[in-house]
Amino acid sequence: MFWKKKDIQKTVKSYETAEKTIEEVFEKAKKSSDFTTITPSEKNDNILLSFYKTLIDTLILQESLLPSLKENIKDIEKLSDIKNLIPIEEIIISKDSKEIEKAFHQGAIAIYFKDQMDEFVLVRIGKSRLGQRETNDTQNEFSVIGPKVGFIEDIGTNLHMLREHLDTPDLIYEEMTVGTRSQTKVVIAYLDGVTNPEYVKTAKQRINDLDVDAVFDNTQLEQMISDHSSSPFPLFVTTERLDRTVGSLLFGQIVLITDKSSYAVIGPVNLMDFFSNPEDFYLPSMVASFFKLIRIFGMLFSIFATSFYVAILTFHFEVIPKDLLGPLINSRANVPFPPVLEVLFLEVTIDLLREAGARLPTKIGQTLGIVGGIVIGQATVEAALTSNILLIIVALAALASFTTPIYKMSNAVRMLRYPFIILAAIWGGLGIYVGVLLIIGHLTRLKSLGVPYMIPLYPYRKGWALSSFIRPNFANLNKRPSFFRPLSDRRYAPSSPQDSEDGLNSD
């Protein structure tokens, strides 16, 4: 882990300053052009209103706040009178300069007497929904069957949807603040009586230990509290899907939800969680298991397809079938590069097209991906820069990488192809074998909130290992995964349709 207080040996932190006075708060705010001070009535300028124009709802100011003050300005003798006159609920009276400064940045208007800047009425009329998406359809985790509801950048909306789906008092929210300057709100969600409290304690401790000025997104927070931040493998599941998040809570995991982020972070997780799709639970068990195995095969094919091509053509010609040897020789007859350069050229080209297509506007990106892939692929084969057989293998490997449901794991799979290609070019099959051993050794060392990353495969958990590769039927999903150490392992009592009588024959 990194960015921790205990790792930074400082006696004085740069962001820490002495508590400001009221005058210093206003002096600092006036440096910004959007901070303004007005009076509700020109006849009586003893009452002033100060606020940031960019943070408040001007409609409420003009239609509710100012008219109320203007009509009753003669009756105002003390600040408590103002509180009783304004038809707005979120009103407090404060003398604390720190609280006043924080309220300014949360969309509050400070009302005070001109000659008595020692007490203020704070009226919150912030534009909380400004700049946020109105629709909450999932953007990146698509589903053909099942709900399409996803999170948005408003933490209040996200917490509302989560509690709406889990209508139980056991759903607990614990709120924290991260970032000395951003003051980002973070909520840890879990099911009381189900989730192991050690996970909640560990997450809270790591978040409290963070020494960072700002957190822009939940995915940043995930890296900061990760057990092994230098690993290419994600140690938390980041999802925008509400159904995946609800399912994780029911399994005894915790969920981190951050303000201004449309992703939830789920932990602890294991490696096989990244190949599960919420859609698996909306399909029959046998069909869902088949597609899950396809995703796992796609991940393995994406990593090893091109490295096997390099190893075979460089060191192991004897494994090529006789029927394939002729077409392969003809395909590479005019290619001047060794297999490793040929593969690296195509892999880099595919990744360039993918990155360019993702960054360009949607219509242009789609056109570039289709037209660019066809044109460049055909041109490289005709120019004898690569073989058409390799072009097919690279294209299939690129498609296979997209079968991984979690984008971060898909990126890790894309990156792992390159070291395996280099190892295959140096030592052939032995290099691939060494690479596999290194990856397995690395995976067995990883942990997610203290839980082994390879569990239930290693340490082996009988009964749960098979469930990592298939989607069991609902009769076998009545218990929570024991390797997450839930306080309650029973979810429901399984029953079979054959156990109940047919209503047509019940008479």
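The model is predicted; local features require a pLDDT of at least 70 and side-chain atom pairs a pLDDT of 80 or more, while totals for chains, interfaces and linings use all residues. Residues are numbered from 1 along each chain as its sequence is written, and side-chain values use heavy atoms, with hydrogens and water left out.

**The whole chain**

The chain holds 15 helices and twelve strands; helices (H or I, at least four residues) and strands (E, at least two) are DSSP runs, numbered from the N terminus. Of its 507 residues, 44% count as buried, where buried means under 20% relative accessible area, exposed over 50%, and partly exposed in between (1.4 Å probe, protein chains only). Among the contacts in the chain with a separation of 6 or more, 66% are made by residues 24 or more positions apart; contact means heavy atoms within 4.5 Å.

**Ser68 in helix H2**

Next, select residues 58–71, which form helix H2, and locate Ser68 within that helix. Is Ser68 buried or exposed? Ser68 is buried, at a relative accessible area of 12%. Beyond residues up to four places away in sequence, Ser68 touches Leu85 and Pro87. A polar atom of the Ser68 side chain lies 2.8 Å from the backbone oxygen of Ser64.

**Gln183 between two strands**

Move to the loop between strand S6 (171–178) and strand S7 (184–191), where Gln183 lies. Gln183 is a residue other than glycine with a positive phi, near 50°. Its relative accessibility is 43%, so Gln183 counts as partly exposed.

**The second largest pocket**

The lining comprises ten nonpolar, nine polar and eleven charged residues. Here Ala, Val, Leu, Ile, Met, Phe, Trp, Tyr, Cys and Pro count as nonpolar, Asp, Glu, Lys and Arg as charged, and the others, Gly among them, as polar.

**Annotated spans**

Colour residues 296–317, 389–407 and 419–443, to which an unreviewed UniProt entry assigns the feature "transmembrane region". UniProt positions follow the numbering used here, feature names are shortened, and annotations may be inferred rather than shown by experiment. Residues 296–317 are 86% helix and 0% strand, with end C-alpha atoms 28 Å apart. Residues 389–407 are 74% helix and 0% strand, and their end C-alpha atoms lie 28 Å apart.

**After strand S12**

Finally, select the segment after strand S12 (451–452), which contains Pro456. Which peptide bond involving Pro456 is cis? The bond from Ile455 to Pro456 is cis, with omega near 10°. Pro459 also belongs to the segment after S12, and a cis peptide bond with omega of about -10° joins Tyr458 to Pro459. End at Arg485, in the segment after S12. Arg485, a residue other than glycine, has a positive phi near 50° and counts as partly exposed at 44% relative accessibility.

Notes
A polar contact is a pair of N or O atoms within 3.5 Å; within protein, one must be able to donate a hydrogen and the other to accept it, and residues adjacent in sequence count only if both atoms are side-chain atoms.
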